[in-house]
Amino acid sequence: MRMTGTEAVARMAHQLRSPLGVATEYLSLVREGYAGDLSVEQDGYLDTAARNLEYLQNVIDDMLDCARMESSETTRIDFQGARWPDVAGPILEMVGPRCEAAGVTLAADFEADLCELLVEPRRVQQALMNFLCNAITFTPRGGTIALMTHHDPGADYVKISVFDTGVGISEDK
């Protein structure tokens, strides 16, 4: 039996859910103290692990959404009001240690008057994570990555930019 790419992605995503669920449950048990008391530092590490497991679950959900779209099933987009720091903050926390390990400076500049946005936070976070991870990969040690937002008064959109001092994409690409 031959599978289409879409079917293979859907099957893989479903197979990843089970071990991810087990890891999430065991992490919860450790965080709740079933394996003994935790130091503040250990608790911080577990918080980071929990956020990354949640992010991975969202990536798997997105893979399934893409598979549904390709197979003509409908996918619901759930727009909601969210503050930009609440959307971007968790992603910045996740990539911060990776930037530090790569010797790259991460800067974020959010406009103070940025109002509530109508977005699907999970999808925006996934895109932001992809852009920042690419920037980390292609920015040399000692370089800088900046996440910036800009909102023109009266405009019904916000410009979100990721800048880096990496090699960039050649013009012929």
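In this predicted model, helices H3 and H4 run roughly parallel to each other, because the angle between them is about 25° and angles under 35 degrees count as roughly parallel. Their axes lie 10 Å apart, and the crossing is right-handed. The protein chain that holds this pair has 4 helices and 5 strands, and 28% of its 173 residues count as buried.

**The H3–H4 pair**

- Two packed helices are described by the angle between their axes and the distance between the axes.
- On the H3 side, the residues that meet H4 are Trp84, Asp86, Val87, Ala88, Pro90, Ile91, Leu92, Met94, Val95, Arg98, Cys99 and Ala102.
- On the H4 side, the partners are Pro121, Val124, Gln125, Leu128, Met129, Leu132, Cys133, Ile136 and Thr137.
- By class, the residues of this contact comprise 17 nonpolar, 2 polar and 2 charged.

- Gln125 belongs to helix H4 and counts as buried, because its relative accessibility is 16% and the limit for buried is under 20%.
- Beyond its neighbours within four places in sequence, Gln125 is in contact with Asp86, Val87, Pro90 and Ile91, and also with Tyr55.
- Ala102 is a residue of helix H3 and is partly exposed, with a relative accessible area of 22%.
- Arg141 is 39 residues from Ala102 along the chain, yet the C-alpha atoms of the two are separated by 6.0 Å.

**The largest nonpolar core**

- The largest nonpolar core has 31 residues, of which Trp84, Leu128, Met129, Leu132 and Ile145 touch the most other members.
- At least two residues of this core come from each of helix H1 (5–31), helix H2 (40–70), helix H3 (84–102), strand E3 (117–119), helix H4 (121–138) and strand E4 (144–150).
- Trp84, Leu128, Met129 and Leu132 are also listed among the residues through which H3 and H4 meet.
- With neighbours within four places in sequence set aside, Leu132 is in contact with Ile91, Leu92, Val95, Leu106, Ile145 and Val162.

**Met63 in H2**

- Met63 is located in helix H2.
- Its C-alpha atom is separated by 7.0 Å from that of Ala10, a residue 53 positions away along the chain.
- Apart from neighbours within four places in sequence, Met63 is in contact with Val9, Met12 and Ala13.

**Met148 in E4**

- Met148 is part of strand E4 and counts as partly exposed, at 32% relative accessibility.
- Met148 and Ala108 lie 40 residues apart in sequence, with 5.9 Å between their C-alpha atoms.
- Excluding neighbours within four places in sequence, the contacts of Met148 are with Asp109, Lys159, Ile160, Ser161 and Phe163.

**Chain order and contact range**

- In sequence order, the secondary-structure elements of the protein chain follow the pattern α-α-β-α-β-β-α-β-β.
- Among contacts with a separation of 6 or more in the protein chain, 72% join residues 24 or more positions apart.
- Two of the residue pairs described above illustrate such separations: Met63 and Ala10, 53 residues apart, and Met148 and Ala108, 40 residues apart.

How values were computed: Residues numbered from 1 in each chain as written. Predicted model: local features only at pLDDT ≥ 70, side-chain atom pairs only at ≥ 80, totals over all residues. Heavy atoms only, no water. Core = buried A, V, L, I, M, F, W, Y, C linked by side-chain atoms within 4.5 Å. Buried < 20%, exposed > 50% of the residue type's maximum accessible area, 1.4 Å probe, protein only. Contact = heavy atoms within 4.5 Å. Axes fitted to C-alpha atoms, helices over the stretch in contact; angles between N-to-C directions. Parallel < 35°, antiparallel > 145°, perpendicular 65-115°, else oblique. Left-handed = near helix turned anticlockwise from the far one by under 90°. Nonpolar A, V, L, I, M, F, W, Y, C, P; charged D, E, K, R; others polar.
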